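Please examine the sequence and the model shown below. The paragraphs that follow lead through selected parts of it.

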Amino acid sequence: MKGSLIILAFFLVGICCGLFQLLPSGIAQSDISFYTLCALMFSVGISIGNDPQTIRNFRSLNPKLIFLPVLTIAGTLSGSALVSFVIDGRSAVDCMAVGSGFGYYSLSSIFITEYKGAELGTVALLSNITREILTLLAAPLLVRWFGNLAPISAGGATTMDTTLPIITQCAGQEFVIVSVFHGFIVDFSVPFLVTFFCSL
């Protein structure tokens, strides 16, 4: 939990730096976040490479775990459809379009803005950022209450990059391969599902 709070603190500091223009103006448009993510993935790669047990775990991976991304997609879309009954003025299709971002806010919000307008695109952006932040914060609790697969499913498309370190820390090194596989499949589905629901 302490690690999640530190991550959230850095996120809030970043927001303050942007709001009060405490950093040079060109830094927001630079590729600094991409290179930071690359460094993060490099660090995760080193930890995997230094642990031969991870490779053995991959060989002994339960074949049933290939259904985890399918269940994440089905659960998210079902929940999104149910939310439409609570929100006025938005159809189930609109809510499912937002939900099918699965935390991949940069891509899904652009698609939804293009198809459905800036208002729903902004909702998609905030919804998917919230999913990522909640996974970062709640991963220890999810593991404790629901098991090691819970933060992987909660993370959606982010489990192969931004939420991978916290998932590895909370669920264990043996779930790295599951997390990367899950993130890849869910990530791959985003452009197809978002455009599908936006075109209905």
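**Aromatic pairs, a buried isoleucine and a pocket**

In this predicted model, helix H10 spans residues 176–199 and contains both Phe-184 and Phe-188, which are four residues apart, or about one turn of the helix. Phe-184 is partly exposed, with a relative accessible area of 48%, whereas Phe-188 counts as exposed because its relative accessibility is 54%, and the threshold for that class is over 50%. The structure holds three aromatic pairs. In one of them, Phe-184 and Phe-188 are stacked, with 6.4 Å centre to centre and 20° between the planes. Together with Phe-192, these two residues form one aromatic cluster.

Phe-196 and Phe-197 form an edge-to-face pair, at 5.2 Å centre to centre and 65° between the planes. Phe-196 is partly exposed at 44% relative accessible area, while Phe-197 is buried at 7%.

Helix H9, residues 164–171, contains Ile-167. This residue counts as buried because its relative accessibility is 0%. Leaving aside residues up to four places away in sequence, Ile-167 touches Pro-151, Ile-152, Thr-159, Gly-172 and Ser-179. Its C-alpha atom is separated by 9.1 Å from that of Leu-149, 18 residues apart along the chain.

The second largest pocket holds about 260 Å³ of space. Helices H4 (68–83), H7 (118–146) and H8 (150–155) are the elements that each give two or more residues to its lining. H7 provides the largest share, seven residues. The lining comprises 16 residues, and Thr-76, Arg-131, Thr-135, Ser-153 and Ala-154 lie nearest the centre of the pocket. By class, the lining has 10 polar, five nonpolar and one charged residues.

Note on methods
Residues numbered from 1 in each chain as written. Predicted model: local features only at pLDDT ≥ 70, side-chain atom pairs only at ≥ 80, totals over all residues. Heavy atoms only, no water. 1 Å grid on protein atoms, 1.4 Å probe; cavity = no way out; pocket = protein on both sides within 12 Å on 5 of 7 lines; lining within 4 Å. Points joined across faces, edges and corners; volume = space filled by probe spheres on them. Nonpolar A, V, L, I, M, F, W, Y, C, P; charged D, E, K, R; others polar. Buried < 20%, exposed > 50% of the residue type's maximum accessible area, 1.4 Å probe, protein only. Contact = heavy atoms within 4.5 Å. Phe/Tyr/Trp six-rings, centres within 6.5 Å; stacked < 30°, edge-to-face > 60°.
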